[in-house]
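User: I would like to learn how to read a structure with ligands in it. Please take me through it feature by feature.

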Amino acid sequence: MKICCLGAGYVGGPTMAMIAYKCPDITVTVADINEARINAWNSDELPVFEPGLDDVVSAARGRNLFFTTDKNKAIKEADIIFVSVGTPTKTYGSGAGKAADLKYIELCARDIAEFSEGPKIVVEKSTLPVRTAEGLKTVLKANSRPGLEFQVLSNPEFLAEGTAIDDLNDPDRVLIGGEEETEAGRKAIATLVDVYANWVPRERILTTNLWSSELSKLVANAFLAQRISSINSISALCERTEANVDQVAYAIGQDSRIGPKFLKASVGFGGSCFQKDILNLVYLCEHFGLPDVAAYWEQVIIMNDWQKRRFSQKIVNTLFNTVNGKRIAMLGFAFKKDTNDTRETAAMYVGRDLLDEQAVLAIHDPKVSPDQIFYDLKEKPTDAEGKPNKQIEICEDPYVATQKAHGLAILTEWDSFKDLDFEKIYENMYKPAFVFDGRNILDHEKLRKIGFEVFAIGR
Ligand code: NAD
Ligand code: UDX
């Protein structure tokens, strides 16, 4: 059997690497139009930082895992074609700011129709609005030729970045949606079930109709994000009442109906999925004439935006209502630990707010590149004369970042931040030395004993 995947991003790369690793008899080719990305997948510096990924890729690459820019050949040769391209929020035309932009998906469908020479199973791996498979089928059918037959499946991906390899290796469930009502549809579903059954217990492989599968992905992300916005809203109430949000989260999480996960109050959720997928859900509800349902889910985003703004405002208010010219050390820029991804990271919004207030940012992140940080902050490393940006310094060393800083803000929960020598940091900061722990990961009592003024979320 031959599998190909269009899109070698955070999902396509790790997912296909795991299939190849677990199924040595299947040839897996991952194709992307971005040559630099493919070159990186074929090098020792993979484009995605993910614990455990290097080992999985190096075990399978060259054996039955290949990365290529020749998507047409990959399509021609494959029995199963996964589509794992981006589905960002639309920035233009109708639905701008909410609907998913499906142009990359449609281009893939047109390529598949054009370059296929035999029957194919086309798998939606990207996160898509419910009913997208209908459009896909229409494009495939309209461009079909005798001898070609396409089955469309939905197989959304539930991995989280930073734990992708564990999630793929031992998923809570695999979801496969297809045309349950036809013989050909049931056969296609069974073919994909057999691929996953190479390592996933069959009872964890769920099969549904296409629409339930497509919608479940958006709903899963909406429910997860809703928990974070709920606990973040309570963090604000805790700050007014001397309740401690981590204690509240622990207490409610012990109720087995609520459960302990995804209740960590924070500076706000980020990542490429939550905001985009909820906005997409909101758009769909509006489209299907359900404005009250749309408003209900939109509140999850509104609360998240408020939480991010609240954090930057807290920094400004605490530093005597001005950060103009003051150095603020930002520790962490990725949207969570153990990833180099910064898409929608809270750090980007907090950083921009502080730059608007004319602060000087000294930013340290163990995995995010300086270029990426400047890009996200909409700034350039140098001015027209080649002089370094005066408002932003990227520091490889967290101790350099905190030197002569008025405030230190934790934006990402990297484990390494917990073990820093805070006595040394305190010595080298201006006094009063302020810590703003946007992730509640530091030992606040210890910091206060050293002399820091500490502000945390929900305490
Ligand atoms: P990404 O931007 O990292 O990767 C998408 C890749 O597709 C890019 O490298 C791009 O060059 C490539 N591409 C675009 N058009 C192409 C074409 N015609 N042929 C071949 N390649 C093409 O995106 P991602 O994070 O991997 O997300 C992909 C999809 O998976 C999205 O729909 C996303 O919502 C979903 N998803 C993402 C995550 C996550 O944690 N990142 C988790 C679950 C689902
Ligand atoms: C999410 C979903 O978890 C995953 O199932 C889906 O496939 C893709 O979207 P991801 O965005 O990679 O995964 O990471 P996730 O662990 O969900 O974290 C998202 C954001 O929420 C991060 O900024 C994280 O710091 C934040 N978060 C998470 C909290 O603030 N509190 C929590 O309790 C959990």
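**Reading the ligand sites**

Analyst: In the side chain of S266, an N or O atom sits 2.7 Å from an oxygen atom of ligand 2. Such a pair is a polar contact, meaning two N or O atoms within 3.5 Å; within protein, one must be able to donate a hydrogen and the other to accept it, and residues adjacent in sequence count only if both atoms are side-chain atoms. This is a predicted model, in which local features need pLDDT of at least 70 and side-chain atom pairs count only at pLDDT 80 or more, while totals for chains, interfaces and linings use all residues. Residues are numbered from 1 along each chain as its sequence is written, chains are lettered from A and ligands numbered from 1 in the order in which they are written, and side-chain values use heavy atoms, with hydrogens and water left out.

User: Which polar side-chain atom lies 2.7 Å from an oxygen atom of ligand 2?

Analyst: That atom belongs to K336. The protein covers 91% of the 650 Å² of accessible area that ligand 2 has on its own. Accessible areas come from the Shrake-Rupley method with a 1.4 Å probe; for residues, only the protein chains shown count as cover.

User: How many residues surround ligand 2?

Analyst: A residue is near a molecule or strand if one of its heavy atoms lies within 4 Å of it. For ligand 2 there are 20, and the closest are L159, S266, F335, K336 and R439. Helix α9 (residues 210-241) gives the largest share of this shell, 4 residues. Helices (H or I, at least four residues) and strands (E, at least two) are DSSP runs, numbered from the N terminus.

User: Which residues come nearest to ligand 1?

Analyst: Of the 26 residues around ligand 1, the nearest are D32, R37, T87, E161 and K276. An N or O atom in the side chain of R37 is 2.7 Å from an oxygen atom of ligand 1. A polar backbone atom of T127 is 3.0 Å from an oxygen atom of ligand 1. Of the 830 Å² of accessible area that ligand 1 has on its own, the protein covers 90%.

User: What does the UniProt annotation "active site" cover?

Analyst: UniProt positions are given in the numbering used here, feature names are shortened, and annotations may be inferred rather than shown by experiment. In this unreviewed entry, the annotation covers C273. C273 lies in the loop between α10 (245-253) and α11 (274-287).
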